[in-house]
Amino acid sequence: MIRPPSAGKPPRLVLRFALYSALALALAGGGILLFVRHEAQVQAEKELTADATRAAGSLSTELHRTDLEETVKSPARLKVLDDLIQPELMGGVVRVKLWRGDGTVTYASDHTLIGSHVDAEELQEVLAGGTVRETGRLNDEGGQGKNIKVISAYVPLRLAGEQQPRGVLEFYNDYAPIEAQVGATVKPVALALGLALVLLFASLFPILHQVTKALEHRSQRLEQQADELERTLNERRQAVAGLREAESRYRALVEQLPLVTYVSAIDKPGFSAYVSPQIDGLLGYSPDEWLATPNLFWRVVHPDDLERVRNEHRTGYAANQPFSTQYRLIARDGRVVWVEDQVIVISDATGAPVQAQGFLLDITHRKTAEVALSDSEERFRTLVANVPGVIFRCSIDNDWTMEFLSDEIEELVGYPASDFIANEVRTFASVIHPEDAPVLSAEVEAAVADDRPYTIEYRTAHRDGSIRHVVERGQAILGRDGERKLDGAIFDVTQRWTAENERLKLASIVESSDDAIMAATAKGHLSSWNSGAERVFGYTAEEVIGKPISILAPLDNEDEPVLILDRILAGQAIAHHETVRKRKDGTLIDVSFTFSPLRDVSGAVIGASAIAHDITERRRSDAERERLLLELADQNERLRELDRLKDEFVALVSHELRTPLTSIRGYLELVLEEEAGSLTEEQRQFLGVVERNAHRLLALVGDLLFLAQVEAGKLSLDIGAVDLSAIAAESVETARPIAEEKEVTLTLATGPLALIAGDHSRLVQLLDNLISNGVKFTPPGGRVDVRVKSQRGNAVIEVRDTGMGIPSEEQQHLFERFFRTAKATEQAIPGTGLGLAISKAIVEAHGGQIAVASADGTGTTFRISLPIRQTQPATEEPVEELAL
Amino acid sequence: MTDNGQPLILIADDDPDILALVSFRLQKAGYEIVQARNGEEAVQAALERRPDLAILDVMMPRVDGYEATRRLRQHEETKRMPVILLTARVQEDDIARGFDAGADDYVKKPFSPQELGSRVQAVLGRR
């Protein structure tokens with residue numbers, strides 16, 4: 001805001017006037033002062049120059065040339081010059097200098113300056129004949145004493161008789177006298193000026209004061225006027241702001257209502273004057289667009305409602321009364337919007353309607369609900385028909401008497417719904433499983449008592465005899481007749497029940513499995529874990545469910561589970577994958593995995609299942625078996641080597657034994673044949689003993705060699721047609737002398753017997769062995785009976801003795817090499833223990849069998865059966881027993 | 001055949017006892033005898049004396065009975081000379097080896113001198 005000048009200003013104006021006047025007077029005083037000083041200085045310089053010129057004239061005869069050419073040094077000369085040039089005497093100067101032309105001081109009244117050198121340009125000017133003046137300080141070029149302000153003058157120095165100046169004389173004089181002269185001049189002037197100033201003020205002040213007062217008054221009035229103006233302006237502003245606020249408040253209110261407010265001119269049909277922005281939300285048109293487009297309203301009214309709305313509007317305006325109507329509008333995006341249109345008609349002074357104000361309320365939801373309600377009955381029927389369950393309403397009685405029952409019941413129990421309505425043919429109670437009926441009744445009763453819904457599972461019987469599992473949900477309601485009824489639905493869950501049972505069965509199989517069975521999600525998290533898995537891996541299900549499968553992998557193979565999972569997710573199955581896994585306690589175990597993809601109902605792979613079998617033990621036993629096999633092979637190799645050595649040994653021994661025996665027998669034979677002279681009876685008897693023993697030795701060697709052959713698998717038979725009966729007879733005859741000697745009765749009985757295929761000499765050896773054994777082990781008075789017969793295609797030889805018998809515990813060892821019974825050893829019955837081993841080998845080489853039957857003390861029977869290879873009718877006839 | 005018309009028999013064995021025994025028995029039976037102590041001597045003697053029969057022990061040092069038989073069969077002079085092998089090795093393949101080498105018969109040790117005599121007679125008679 002602009003304010004007029006303040007009322008306190010006029011005195012300042014006076015002060016300023018006074019200040020300026022003083023300043024002007026001071027400047028005038030200063031100017032006079034400078035002028036006076038200049039005049040005084042010029043005067044003083046002129047006087048100094050005149051003094052110096054005078055002195056130079058007097059010195060021209062006194063000075064020597066050397067005084068101006070060389071610095072004066074000798075004290076005598078200095079004294080002369082000091083006396084000659086006394087500053088006090090030369091007009092009261094303070095210092096005198098003599099300059100050589102090149103700027104060197106040759107003499108100075110102040111001796112310290114002698115010899116000093118200054119490049120003074122003035123010197124040249126002076127040497128040319130002029131004079132120079134300066135102001136400065138006494139010691140500007142050096143020197144002693146007070147450094148006072150001075151004026152100096154240079155004048156040329158000529159020696160007597162010379163035209164050209166030879167040097168320069170400089171005089172310094174104190175400046176103070178000049179100042180003193182100025183001071184004396186200025187004081188009266190200043191006094192005069194001060195007096196002038198005071199007089200000026202005294203004459204001007206009253207006038208100034210009056211003018212100031214007038215100005216002050218004027219400015220006060222201006223200020224008042226400005227304040228008033230300001231106040232009025234503010235009031236105006238506030239009024240306008242209030243108005244605006246009110247308007248925007250109402251507008252905001254209107255524009256926030258959940259309805260469209262509009263104003264339209266009746267005389268301009270189809271043209272709105274105002275519409276609130278909600279029109280955009282309702283129909284998708286902006287207010288501007290709505291106002292700018294003529295007849296837009298009539299275009300968005302639903303065609304089916306258009307005629308009616310026109311009529312209603314026309315009637316409403318004519319009646320000049322507020323009215324309300326409902327119709328549909330079509331939004332820009334095609335939505336159908338139900339609106340309630342409430343209209344107020346505004347009339348002009350003459351009572352003619354001019355304007356319609358109103359609002360459109362969106363009632364789409366209400367309308368939709370109304371329509372829905374009207375459709376509900378129809379829908380109920382359709383719904384019930386489509387529900388995959390039985391919908392019912394029944395009485396709460398023992399029969400569950402049905403008032404309504406949907407047709408689905410036929411699917412469930414095999415009887416039509418009509419059968420049950422009012423218990424027409426049968427009661428609903430009759431299809432409920434008898435075991436479940438009491439539970440159902442009890443639950444319904446409880447639910448009715450608590451007035452709460454109930455859910456219960458029970459079983460129903462189908463007409464075809466099958467049992468169905470159902471879930472019933474229901475609630476008691478109050479029927480129209482005031483009786484309490486039961487409304488509910490029954491769903492057949494047999495399939496789900498069966499599936500659940502199946503699932504439980506499978507789950508229990510999985511749970512009880514010794515193998516670890518687990519599953520993982522597609523993201524590699526464990527999702528199932530049986531007790532086998534707990535045993536194998538040491539984690540409980542709680543510990544691993546949700547954990548990544550990699551926790552089971554050993555550190556050096558952490559990626560493997562994920563790589564496998566990728567393959568499974570690709571649909572692959574992997575069987576018997578043997579790998580290493582880590583238990584909870586960190587130990588590593590060998591496992592054999594079988595992986596398969598887990599699929600959902602649509603067949604998509606959603607994870608993987610794995611069955612793991614701990615094969616650590618198997619691996620260990622495999623390794624153990626491997627080791628034992630190697631050991632065994634090693635032992636076998638050693639045994640084979642031993643066997644080979646044994647065979648070689650036996651062969652060698654038999655050869656080495658046979659050769660000397662050959663000599664023994666050969667020479668015995670010669671001696672016994674008396675080729676070496678006749679023998680006495682005694683000699684012959686003794687040599688007989690030698691021969692017998694040589695023969696025994698030979699037999700032993702032969703037996704050993706035979707067994708070595710058998711064991712080496714080298715026994716070969718010289719097969720021919722053999723008459724066993726003849727061989728038996730021969731062997732019996734061979735043994736007879738010994739039997740007779742022992743007083744043992746020896747008999748042979750032979751039946752008809754075909755020739756068999758066999759090795760004659762081996763079979764002789766066999767029978768000799770058995771018969772001589774029998775004789776050997778039978779005490780005197782006993783008997784040995786030999787029978788040869790044919791029996792079931794076999795040739796059978798029996799050698800029965802009445803000897804000492806063989807205890808049963810010894811029988812099993814009887815056919816082993818070198819085995820001798822305890823009794824044989826005790827009674828020193830001669831023998832090598834090889835006979836029966838050889839007999840058995842011969843029998844088995846012929847494809848036959850040898851068996852022993854014996855009772856301790858009552859005798860022994862050896863029975864041999866040999867297959868008859870050469871077919872020839874063999875009739876079994878009574879054996880002819882012959883005493884031989 | 002010797003000067004006196006008796007058949008000449010070569011006997012080779014490294015065992016002097018047996019050599020003497022067989023020699024004695026065959027001399028008694030009226031044969032002329034030439035002895036050898038090993039296979040090499042036997043072949044040499046056979047080539048020199050052209051005996052009617054050779055009785056060779058199988059187990060002899062240096063050149064055994066099989067080898068000696070084989071060598072005798074290589075010389076024109078002794079190619080058809082009957083050879084009887086004396087052997088303590090009586091396993092099948094030993095006997096087969098003897099026949100393969102070209103022996104006419106074999107006698108197992110221990111043998112009876114009498115038996116040997118009859119074998120000799122039989123082999124000589126066969127010719």
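I shall start with A:Asp703, which lies in helix α19 of chain A; helices here are DSSP runs of H or I with at least four residues, numbered from the N terminus. Before going further, I note that this is a predicted model, in which local features need pLDDT of at least 70 and side-chain atom pairs count only at pLDDT 80 or more, while totals for chains, interfaces and linings use all residues. Residues are numbered from 1 along each chain as its sequence is written, and chains are lettered from A and ligands numbered from 1 in the order in which they are written.

A:Asp703 is partly exposed, because 19 other C-beta atoms lie within 10 Å. A residue is buried if that number is 20 or more, exposed if it is 12 or fewer, and partly exposed in between, with C-beta atoms placed from the backbone. Which residues does A:Asp703 contact, leaving aside neighbours within four places in sequence? They are A:Thr832, A:Leu834 and A:Ile838, where contact requires C-beta atoms, placed from the backbone, within 7 Å. A:Ala837 is 134 residues from A:Asp703 in sequence, yet the C-alpha atoms of the two are 9.7 Å apart.

I turn to the contact between the chains. Chain A contributes 18 residues and chain B 17 residues. On the side of chain A that touches chain B, α18 (616-672) and α19 (681-711) each supply at least two residues. The largest share of that side, 13 residues, comes from α18(A).

Next is helix α21 of chain A, residues 760-776. The 17 residues of α21(A) reach 24 Å from first C-alpha to last, close to the 24 Å expected at 1.5 Å a residue; the expected span is 1.5 Å times one less than the number of residues. This helix is mostly covered, with 12 of its 17 residues buried, including A:Leu763, A:Leu766 and A:Leu770.

Finally, I come to a helix pair in chain B. How are α2(B) and α3(B) oriented? Helix α2 (residues 39-49) and helix α3 (residues 65-74) of chain B pack at about 25°, with their axes 9 Å apart, and are therefore roughly parallel to each other, a term for angles under 35 degrees. Axes are lines fitted to C-alpha atoms over the stretch in contact, and angles run from 0 to 180 degrees between N-to-C directions. Among the residues that meet are B:Ala42 and B:Val43 in α2(B) and B:Ala68 and B:Leu72 in α3(B).

Note on methods. Contact = placed C-beta atoms within 7 Å. Parallel < 35°, antiparallel > 145°, perpendicular 65-115°, else oblique.
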